[in-house]
Amino acid sequence: MKLVLAVDGSSVSARCARHVAKLAKQLSVPPKILLLTADPSMMPGVERKLGAAALRRYHQENAEYAFREARAILQRAGLEFEESLVVGDPHVEIVRACGPRRCDLLVMGSRGRGAVASALLGSVALKVLATSKVPVTLVR
């Protein structure tokens, strides 16, 4: 099984990682896991003002924050995984990451940093559900 675990550093992301660890124990063969964070792009004017090096550093720091707890949970469970930072519109990048890997499952939180936009599910989760071609497990 190939799965993408999309995280943003929220407490819901940690629950997602625990869910994946629990799922992995139930499988006869450990899953191939891609730990993914999608960091929103900045406005072009801000990107130019910051410069390429500062912008890379900014996204790397955000990724480190997003990965930290999920990484620790997966490592404690003895699972191997790959990490990937993508920059762009989060729902587009999350769905896009599933395609080339031919993943079997996408696991993500239903509410994260940008969840104020929706009363029941985060706006990113709603958009991913609407556009994903692979099964999605939402964790609350």
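# Helix packing and sheet order: exercises

The crossing of helix 1 and helix 3 is right-handed (for a right-handed crossing the near helix is turned clockwise from the far one by less than a right angle, for a left-handed one anticlockwise). Helices (H or I, at least four residues) and strands (E, at least two) are DSSP runs numbered from the N terminus.

The model is predicted: local features need pLDDT of at least 70, side-chain atom pairs count only at pLDDT 80 or more, and totals for chains, interfaces and linings use all residues. Residues are numbered from 1 along each chain as its sequence is written, and side-chain values use heavy atoms, with hydrogens and water left out.

**Exercise 1.** Describe how helix 1 and helix 3 pack.

*Solution.* Step one is the geometry: helix 1 and helix 3 (residues 52-76) meet at an angle of about 20 degrees, and their axes are 8 Å apart. Axes are lines fitted to C-alpha atoms, for helices over the stretch in contact, and angles run from 0 to 180 degrees between N-to-C directions. Step two is the class: helix 1 and helix 3 are therefore roughly parallel to each other (under 35 degrees; over 145 is roughly antiparallel, 65 to 115 roughly perpendicular, the rest oblique). Step three is the residues: A14, A17, R18 and V20 of helix 1 meet E69, A70, I73 and L74 of helix 3 (contact means heavy atoms within 4.5 Å). By class, this contact of helix 1 with helix 3 has six nonpolar, no polar and two charged residues. Ala, Val, Leu, Ile, Met, Phe, Trp, Tyr, Cys and Pro count as nonpolar, Asp, Glu, Lys and Arg as charged, and the others, Gly among them, as polar.

**Exercise 2.** Is A17 buried or exposed, and what does A17 touch?

*Solution.* A17 lies in helix 1. A17 is buried, with a relative accessible area of 0% (buried is under 20%, exposed over 50%, partly exposed in between, with a 1.4 Å probe and protein chains only). Leaving out residues up to four places away in sequence, A17 touches L5, A70, I73 and L74.

**Exercise 3.** Give the strand order of the sheet.

*Solution.* Five strands make an open sheet, ordered 3-2-1-4-5, with parallel pairing (two strands pair if DSSP finds at least two bridges between them). Strand 3 (81-87) and strand 5 (136-139) are at the edges with a single partner strand each, so one side of each has no neighbour in the sheet. From one strand to the next, the twist averages 20 degrees.

Next come the bridges: four join strand 4 (residues 105-109) to strand 5, and V107 has T137 in strand 5 as its bridge partner. Last, the helices: helix 1 (residues 11-26) packs on the sheet and touches strand 1 (2-6), strand 2 (32-39), strand 4 and strand 5, its direction making about 145 degrees with that of strand 4. Helix 5 (residues 123-131) also packs on the sheet, touching strand 4 and strand 5, and its direction makes about 160 degrees with that of strand 4.

**Exercise 4.** At what angle do helix 4 and helix 5 cross?

*Solution.* Their axes come within 9 Å and cross at roughly 40 degrees. That makes helix 4 oblique to helix 5. The crossing of helix 4 and helix 5 is right-handed. From helix 4, P90, H91, I94 and V95 meet V124, K127, V128 and T131 of helix 5. This contact of helix 4 with helix 5 comprises five nonpolar, two polar and one charged residues.
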